[in-house]
Amino acid sequence: MVLGIESSCDETGAGIVRDGRLLAHVVASSMDEHALFGGVVPEIAARAHLQAFNPVVRGALEQAGLRLGQIDAVAVTTGPGLSGALQVGLAGAKTLAYAAGVPLYGVHHLAGHVAADTLEHGPLPTPCVVLIVSGGHTSLLLVRDLVREPILHLGDTLDDAAGECFDKVARIMGLSYPGGPAVDRAARDGDPRAVDFPRPLTRPGDDPYAFSFSGLKTAAARWVEKHRAQGLDLPVADGAAALQEAVADVLTRKALAACTAYDVKTLIVVGGVAANSRVRGLAEQRCAAAGVELRVPPMTLCTDNGAMIAAVGDLLVRSGAEPAPLDVSIDPSAPLEYASLTPLPVPPVRAA
């Protein structure tokens, strides 16, 4: 029985998983507070985690019908993420593990997104290609055994992540924060062919698996500026639809190319942007045409949550992995190499 804690950004999550089965899933978000500033404010996020931690954990235990003493292990996100936010989650998780007398496991946030799919569709196929798309990350991975083998990075974003591109262009267009859902809603009434936005890094000779959305963001900004400079009404729906189409095209094109190159028959799409309707729709079309199975978690498991961290913890416990040491720390910029992430504090430098 594994309790998972997630606090890497603006969601405080607690989930409970046993033998791959989800028993509880509770999330508190501070998104409304950040919306006033058009983006996540680290200090506000950390304070919100402090306020939400106990109620969220209590809610997860009640949802599962358990007491803390019935938990066998605690798993917590130790990176990457906002430093203050991670510290709150880790401090709380250490306290719970100590109080319950159970082992603690440090988990890489992105591995949690990958494991979220197991809660809906069962064990990951070996191997599989995983596309992680969120506000801060866009990565293409080759995954074999998630908790026993290293995770192979096929490609990552060189600048803006897909979700970050949505957020910034949404603000320029006058849409609400967070930008991804706002763009998705606006795009329903638009024509995706109305604006010919670029498809970054898709020309011959470009890195086939790397991503870049900074140029697309700039192109969208210039399109908006041109309309405003000429005193024209901005066709927001068309712009949103065209932007969404460009992002979905690049993501799915590269993901399917990786499946073909590595002879993989399963593509898993995870992360907050996996909730985007066009990303899902185009992935379904292209996977069906290529004979590739597509797996996408339910929308409630796409965004940050404690259930996905509990899922990794459950896999670690069942694999016999060593728990984290008592002085485990955080790593806000941790690269994804293994699902288990147990960085140690850097010893202080003594003056000569």
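Modeller: Here is a look at the core and its surroundings.

This is a predicted model; local features need pLDDT of at least 70, side-chain atom pairs count only at pLDDT 80 or more, and totals for chains, interfaces and linings use all residues. Residues are numbered from 1 along each chain as its sequence is written, and side-chain values use heavy atoms, with hydrogens and water left out.

The chain has 12 helices and 10 strands. These are DSSP runs, numbered from the N terminus: helices are H or I of at least four residues, strands E of at least two. Of the 352 residues, 52% count as buried, meaning under 20% relative accessible area with a 1.4 Å probe, protein chains only.

Now the core. A nonpolar core is a set of buried Ala, Val, Leu, Ile, Met, Phe, Trp, Tyr and Cys residues joined through side-chain atoms within 4.5 Å. The largest holds 49 residues. Leu131, Leu140, Phe197, Phe213, Leu251 and Leu267 touch the most other members. Elements giving two or more residues to this core include β6 (128-133), β7 (138-143) and α9 (236-261). Helix α9 gives the most, with 13 residues. Another core lies apart from it, with 33 residues, among them Val107, Leu124, Val130 and Val270.

Take Leu140. Leaving out residues up to four places away in sequence, Leu140 touches Leu131, Leu154, Phe211 and Ala258, among others. Contact here means heavy atoms within 4.5 Å.

Val312 is in helix α12 (residues 306-319). Val312 counts as buried because its relative accessibility is 0%. Beyond four places in sequence, its contacts include Val107, Ala111 and Ala339.

Key:
Buried means under 20% relative accessible area, exposed over 50%, partly exposed in between (1.4 Å probe, protein chains only).
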